[in-house]
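This report covers ring contacts and surface features. The sequence and model are shown first.

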Amino acid sequence: MNNRRKRDDGIGRLFFLLRNKYGLRVKSIKMVKQNVWVVTAYEGCWVAKRYRTFLEAMRQAVFMQSLRQAGFAHVPAVYTTIGQNGVFFVKDAFWIMQTYISDAERLSFARRQDIADGLELLQTYHFITAMLAKIPAFPTIIPHYCLYSKWQRRYNEFYSHLSLLERIMDKEDIAWTIQHAEYCLSTFASYAPPLAAEPVAIIHGDVASHNFLRTKAGMIYLIDYDTVAVASPGIDYLQYASRILPYLQWSLAKLYQFSRFLCWLAKPWFLHALLFPADIMREWRFALQRNKRLFIARKERNQFVRKIIDMIK
């Protein structure tokens, strides 16, 4: 009940501010997930996002506006006529509002064309953000990505929940996951220098299918820039590969069929990074929350791993 009151109070304050201070004729405000609301007004429809600090909110607003100014039309527009560059303060938090993409559905990584379309959009995005990364201000306000630190953090979280994981995973699958994670962590130093030498861009950091929206007119938008970081674009392609491989039955040959991966699959650091069980380390929390069994297709993955290790050798 207290959480409900706090949520209603937050919506009420947001409604009051938008209507009475900024003059928007708000019709409704609906919560879609934590820290994200949809604001419907006579003037338009927006997604309102809440951030803990002014820096986080301003970073999002400035980056998204910079993308559009640089010619990347596939990003929602920030509503800049309120607050400071679109950032405003409500109930102990900072907010931005961005255009709600209506009449759209997310890409499906079960469809080959959607995979290819997402890759094409990523290439365009990285071309733009490679230029933005050269602007002195951006590397100072956008964090730098560390692949090893992310692996280590996810491994520690996984390992510290072993007693709970046995509810949703076979012990053999748990052991397999730990073995391959530890192998990647222990051998990372051999592959770190070429990764560090890669040209950088501002990566998206969360290239899940639900962050690619296709409108009925055929326009594809890339949304949710909360995890942007300065890094090699290969980091986005690495995550993209880990998300589509289950739909490709962990077939390296099928991954090669997408031309955007060819240059990355020629790099030993990228092949080595594909061995880290990132999808399991990411998905176990959701499976545990829903009390669903988590299967890892161990037979197919073993074949995948053997092929990559042979290539690295």
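## Aromatic pairs

Rings of Phe, Tyr and Trp (its six-membered ring) count as a pair if their centres lie within 6.5 Å; planes under 30 degrees apart are called stacked, those over 60 edge-to-face, and the rest tilted. The model is predicted, and it holds 23 aromatic pairs.

One of these is formed by Trp-264 and Trp-269, whose ring centres are 6.3 Å apart with 75° between the planes, an edge-to-face arrangement. Trp-264 is buried because its relative accessible area is 9%, under the 20% limit. Trp-269, at 4%, is buried as well. Trp-264 also pairs with Phe-270: the centres are 6.2 Å apart and the planes meet at 35°, so this pair is tilted. Phe-270, like Trp-264, is buried.

## Aromatic cluster

Trp-264, Trp-269 and Phe-270 belong to one aromatic cluster.

## Charges over rings

## Nonpolar surface patch

Tyr-256, Leu-262 and Met-311 make a nonpolar surface patch of about 250 Å². Of these residues, Leu-262 lies in helix H11, which covers residues 262–265. Is Leu-262 buried, partly exposed or exposed? Its relative accessibility is 42%, so Leu-262 counts as partly exposed.

Note on methods. Residues numbered from 1 in each chain as written. Predicted model: local features only at pLDDT ≥ 70, side-chain atom pairs only at ≥ 80, totals over all residues. Heavy atoms only, no water. Buried < 20%, exposed > 50% of the residue type's maximum accessible area, 1.4 Å probe, protein only. Patch = residues over 30% accessible without salt bridge, like charges linked within 9 Å, V, L, I, M, F, W, Y side chains within 5 Å. Areas by Shrake-Rupley, 256 points an atom, 1.4 Å probe, with all protein chains shown as cover. Salt bridge = Lys/Arg side-chain N within 4 Å of Asp/Glu carboxyl O. Helix = DSSP H or I, 4+ residues; strand = E, 2+ residues; numbered from the N terminus.
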